[in-house]
Amino acid sequence: MAYTLFQPTVFERSGTTTLNIIPGAAIEIRNQSDSNLTNIFSDEGITSIDNPGVTDTNGQFTFYAVSGIAYNSISNGQTSPLGEDSPSLISINVDTITEA
């Protein structure tokens, strides 16, 4: 089975302006076909890692997943497609976030 390396980056934006990357953001990787959490790995299919996970100090979440499958990445309720031909950016619109 073949695996693909993904490195989505979570960042915040206001309107069309990119503000900052978000280190320590919670992130889920889900299969697009059934919305279930998918198995992800730190290498090519040997060592599994937690899903959901947390972005690193650069706002990235690095993982391998089975090639040829479309995935969604979800952070702070914002969903972005992940695929071999998709951009790996997760844009969190801070205009829609309300403080608790």
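A nonpolar core is a set of buried Ala, Val, Leu, Ile, Met, Phe, Trp, Tyr and Cys residues joined through side-chain atoms within 4.5 Å. In this predicted model, the largest such core has 10 residues in all, namely Phe6, Val10, Ala25, Ile27, Ile29, Ile40, Phe61, Phe63, Ala65 and Tyr71. Two or more residues of this core come from each of two elements, β4 (26-31) and β8 (63-66).

Phenylalanine 61, a member of this core, is buried, since its relative accessible area of 7% is under the 20% limit. When neighbours within four places in sequence are left aside, phenylalanine 61 is in contact with Phe6, Gln7, Pro8, Ile27, Ile29, Ile40, Ile49, Asp50, Gly53, Val54 and Thr55. Among these contacts, Phe6, Ile27, Ile29 and Ile40 are also listed in the core.

**Aromatic pairs**

The model holds four aromatic pairs, and two of them are set out here.

| Pair | Centre to centre | Angle between planes | Geometry |
|---|---|---|---|
| Tyrosine 3 and phenylalanine 41 | 5.5 Å | 80° | edge-to-face |
| Phenylalanine 61 and phenylalanine 63 | 5.7 Å | 40° | tilted |

Tyrosine 3 lies in strand β1 (residues 3-6) and phenylalanine 41 in strand β5, so their pair ties together parts of the chain that are 38 residues apart in sequence. Phenylalanine 41 counts as buried, at 12% relative accessibility.

**Backbone features in two loops**

Most residues other than glycine have a negative phi, and most peptide bonds are trans. Against that background, two places in the backbone deserve mention. Serine 35, although it is not a glycine, has a positive phi of about 65°; this residue is placed in the loop between β4 and β5 (40-41). At 45% relative accessibility, serine 35 counts as partly exposed, because that value lies between the 20% and 50% limits. The other place is the peptide bond from asparagine 51 to proline 52, which is cis, with omega near 15°. Proline 52 is located in the loop between β6 (48-49) and β7 (53-54), and Gly53 and Val54 are among the residues in contact with phenylalanine 61.

Methods: Residues are numbered from 1 along each chain as its sequence is written. This is a predicted model: local features need pLDDT of at least 70, side-chain atom pairs count only at pLDDT 80 or more; totals for chains, interfaces and linings use all residues. Side-chain values use heavy atoms; hydrogens and water are left out. Buried means under 20% relative accessible area, exposed over 50%, partly exposed in between (1.4 Å probe, protein chains only). Helices (H or I, at least four residues) and strands (E, at least two) are DSSP runs, numbered from the N terminus. Contact means heavy atoms within 4.5 Å. Rings of Phe, Tyr and Trp (its six-membered ring) pair if their centres lie within 6.5 Å; planes under 30 degrees apart count as stacked, over 60 as edge-to-face and the rest as tilted.
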